[in-house]
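Here is a short briefing on one protein model. Look at the sequence and the structure first, then read the points below.

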Amino acid sequence: MLYLSVMWTVIGLAAIARSYILLMGENTPDARRKTATTTRVAGFTLIVVGAIQMLVWVFTA
C-alpha cells in the first residue's frame, strides 16, 4: 500500500513537471496552455490521492 501511495505521488510530480515543460518558450499556443493546465490539475490530484492513501495506510496499520 505504501508503494502505491509513493507511486501516485511520483507520477503526480512528473505530471506537474511536464506541465511546466509544455509552457516553456515564448508565444505558447492556447491549446498547449490548456493541456498544461489540465496536466497540472491531474498532477495535483494524483499527489492528493497518494497522500490520502498514505494516511489510510498509516492509520490502519
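Predicted model: local features only at pLDDT ≥ 70, side-chain atom pairs only at ≥ 80, totals over all residues.

Residues are numbered from 1 along each chain as its sequence is written, and side-chain values use heavy atoms, leaving out hydrogens and water.

**Whole chain**
- The protein chain has two helices and zero strands (DSSP runs: H or I of at least four residues for helices, E of at least two for strands, numbered from the N terminus).
- Its C-alpha atoms fill a box of roughly 50 × 15 × 10 Å along the principal axes.
- Buried residues make up 21% of the 61 residues (buried is under 20% relative accessible area, exposed over 50%, partly exposed in between, with a 1.4 Å probe and protein chains only).

**Helix 1**
- S5, G12, A15, I16, S19 and L22 are the buried residues of helix 1.
- They cover an arc of only 120° around the axis, so they lie on the same side of helix 1 (the arc uses the directions from the helix axis to the C-beta atoms).
- Y3 and I21 are exposed on the other side of helix 1.
- Helix 2 (30-60) is included in what covers the buried residues of helix 1.

**Residue S19**
- S19 sits in helix 1 (residues 2-22).
- S19 counts as buried because its relative accessibility is 0%.
- Leaving aside residues up to four places away in sequence, S19 touches A36, T39 and R40 (contact means heavy atoms within 4.5 Å).
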